[in-house]
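Morning, everyone. I have one structure to go through today, so please have the sequence and the 3D view open.

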Amino acid sequence: MTPEAPTPGQPAATRETAHGPLQTATDALRPKPRLSFWEVWNMSFGFLGIQFGFALQNANVSRIFETLGASVENIPILWIAAPLTGLIVQPIVGYFSDRTWGRLGRRRPYFLGGAIFASLALIAMPNSPVLWVAAGMLWIMDAAINISMEPFRAFVGDNLPSEQRSTGFAMQSFFIGIGAVVASMMPWILTQMGVANEAPEGVIPDSVRLSFYFGAAVFFVAVLWTVVKSKEYSPEEMATFIDHHDVEAEYDKGDRSEQEWQRHAGTQLRRGAVLTVVGGVGLAWMLSQMEELAEPVILPAMILVLGLLLIVSGMVQRGGSRENGFVTILNDLQEMPATMRQLAWVQFFSWFALFAMWIYSTAAVTSYIYGTTDTTSTLYNEGANWVGVIFGAYNGIAAVVAFAIPVLAAKTSRKIAHAICLLCGAAGLLSFLVVPSASWLLASMVGVGIAWASILSMPYAILTGCLPADKMGYYMGVFNFFIVIPQIIAAAILGFFIGRFFGGEAIWALVIGGGSLVLAAALTLRVEDKDDVAAQGGSTRTTEMAGAA
């Protein structure tokens with residue numbers, strides 16, 4: 001009789017048989033146990049605090065930058081801290097959290113450490129005396145939030161059996177929606193309660209400062225709740241589960257011969273050399289035109305860095321060192337499955353649009369709809385508060401609509417459902433140009449909310465169907481690049497384009513974002529969704545997904 005599987009933190013049963021080690025391990029394998037509703041709730045609750053911090057950042061940092069003297073053209077380059085820290089921090093945190101085990105477990109030390117630093121950064125951010133301090137605090141705050149956030153996705157995979165993971169991610173999405181709605185509206189709520197919404201020039205209003213203080217408390221308490229109330233399986237316990245054993249059996253790094261390793265390294269060296277030359281020449285030219293091309297200079301710099309990384313990876317592999325995270329990440333980036341490559345373009349244009357909305361909504365709404373750029377005026381601060389309200393609205397819509405999207409996917413297909421949702425978002429952003437008054441922006445945000453709900457779920461549902469189980473974690477980490485890179489590019493070029501071609505009028509950034517979502521929708525239709533193809537042949541996976549919602 002198979003012994004009952006332990007719950008997280010409970011010691012695994014001692015395995016003693018008359019057979020050899022391999023037979024003993026095989027006999028001891030068991031399915032991972034299901035967790036109760038409240039156990040899933042507790043392990044996801046920290047996401048409420050994480051999203052609270054992100055939503056305060058997204059809705060208010062542009063306002064803080066403008067208040068401290070940033071021009072509309074310079075806002076994107078100041079925002080580059082957010083995606084760049086995600087690009088750097090998330091793979092590193094994921095790599096080390098996989099190899100961590102202590103009193104707090106594997107993922108929870110990173111939850112708690114990130115929460116402490118993020119809460120301190122949230123307190124410091126609205127007290128920045130000058131612009132460069134605020135820009136530096138954004139780097140620190142975003143890095144700390146990423147340290148807490150990155151292991152939460154793996155936390156679901158660690159603790160839940162496959163049949164419960166949809167529930168786990170759905171619970172996280174619920175807390176994302178709730179946290180984003182409340183946090184986005186905090187300055188407006190405090191203003192309605194009588195807190196001052198105006199301040200002298202160069203000073204952050206009390207409504208914003210107190211919102212960040214409240215967010216710091218929520219962030220820390222919510223994450224601490226998950227740290228205290230959740231448990232994790234030890235490495236010894238994980239080794240007794242069937243799914244863990246299957247992954248270990250399938251993942252064999254020894255398949256590639258020495259000749260193949262050398263050929264693979266040669267490919268990276270050649271590609272790296274080309275990118276290094278292109279990036280270096282482009283960077284040198286843009287630096288010579290620094291007065292006109294200050295923001296886009298990051299693009300050739302990124303190409304140069306990628307080229308150098310490929311060269312280093314190729315040299316390391318030729319030297320015989322292949323079993324490390326650095327080489328693995330670059331190899332997986334080079335060897336992505338076809339479906340993942342197709343989704344990468346969809347993600348690129350989707351997140352480019354989102355970043356355009358996040359960094360330009362305040363400037364667009366206050367200048368185009370409220371008719372003011374005076375950050376000390378009552379009208380400007382009313383418009384900035386309204387941006388917080390509409391950001392809360394689209395997150396609320398996303399929380400509700402998320403349960404309907406799998407139903408639409410079951411009746412059509414996942415890629416068609418995603419394309420429809422992206423077109424709704426495009427219509428919402430484009431409508432900013434024609435709405436008769438600020439109140440109509442709530443209707444615009446219905447479309448944005450529908451797109452946001454789908455962006456958080458459908459690409460991942462499609463992606464998992466094309467990934468080998470033994471490389472799921474690696475490719476999920478690589479997939480995050482296609483969320484971060486478009487944000488970096490948006491930060492690098494939007495300010496240049498808006499200043500050069502649109503007279504510095506921020507509303508056109510949202511129009512560009514709408515066009516980007518249209519392109520993302522078109523690219524979605526060419527994605528090969530292997531999981532949906534299987535469903536058409538008799539699989540019930542899509543139907544089960546809709547039922548789980």
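This is a predicted model: local features need pLDDT of at least 70, side-chain atom pairs count only at pLDDT 80 or more; totals for chains, interfaces and linings use all residues.

Let me start inside. The largest nonpolar core has 77 residues. Which of them touch the most other members? They are Met357, Trp358, Tyr360, Phe391, Tyr394, Phe432 and Met445. Helix α15, residues 338-369, gives this core its largest share, 19 residues. There is also a second, separate core of 54 residues, with Leu112, Val133, Phe155 and Phe219 among them.

Back to Phe432 for a moment. If we leave aside neighbours within four places in sequence, phenylalanine 432 is in contact with Val365, Tyr368, Ile369, Ile390, Leu441, Ser444, Met445, Ile507 and Leu510.

Serine 454 sits in helix α19, which runs over residues 441-455. Is serine 454 buried or exposed? Its relative accessible area is 0%, and buried means under 20%, so serine 454 is buried. Outside the four places on either side in sequence, the contacts of serine 454 are Ile405, His418, Cys421 and Pro459.

Now the rings. The structure holds 19 aromatic pairs. In one of them, tryptophan 38 and tryptophan 41, the ring centres are 5.4 Å apart and the planes meet at 65°. Edge-to-face needs an angle over 60 degrees, so this pair qualifies. The two tryptophans are three residues apart in helix α2, residues 37-44, so about one helical turn separates them. Tryptophan 38 counts as exposed at 54% relative accessibility, while tryptophan 41, at 23%, counts as partly exposed.

Another edge-to-face pair is phenylalanine 348 with phenylalanine 349, at 5.0 Å centre to centre and 80° between the planes. Here both phenylalanine 348 and phenylalanine 349 are buried.

The two tryptophans also belong to a cluster: ring pairs link Phe37, Trp38, Trp41, Phe45, Phe175 and Trp225.

On to charges. How many salt bridges does a search of the whole structure find? It finds two.

One is between glutamate 232 and arginine 108, with the closest N and O atoms 3.2 Å apart.

Aspartate 206 is partly exposed at 31% relative accessibility, and arginine 209 is partly exposed at 22%.

Last, the surface. Ile116, Phe117, Leu120, Ile123, Phe220, Val221, Leu224 and Val228 make a nonpolar patch of about 700 Å². Where does the patch come from? Helices α6 (108-124) and α9 (206-229) each supply at least two of its residues.

Take Leu224 as an example. Leucine 224 is in helix α9 and is partly exposed, with a relative accessible area of 31%. Patch residues need over 30%, so leucine 224 passes that cut-off.

As general background, nonpolar side chains in soluble globular proteins tend to be buried together.

That is what I have; I will take questions now.

Note on methods:
Residues are numbered from 1 along each chain as its sequence is written. Side-chain values use heavy atoms; hydrogens and water are left out. Patches are made of residues with over 30% relative accessible area and no salt bridge: like charges are joined within 9 Å, nonpolar side chains (Val, Leu, Ile, Met, Phe, Trp, Tyr) within 5 Å. Accessible areas come from the Shrake-Rupley method with a 1.4 Å probe; for residues, only the protein chains shown count as cover. A salt bridge is a side-chain nitrogen of Lys or Arg within 4 Å of a carboxyl oxygen of Asp or Glu. Helices (H or I, at least four residues) and strands (E, at least two) are DSSP runs, numbered from the N terminus. Buried means under 20% relative accessible area, exposed over 50%, partly exposed in between (1.4 Å probe, protein chains only). A nonpolar core is a set of buried Ala, Val, Leu, Ile, Met, Phe, Trp, Tyr and Cys residues joined through side-chain atoms within 4.5 Å. Contact means heavy atoms within 4.5 Å. Rings of Phe, Tyr and Trp (its six-membered ring) pair if their centres lie within 6.5 Å; planes under 30 degrees apart count as stacked, over 60 as edge-to-face and the rest as tilted.
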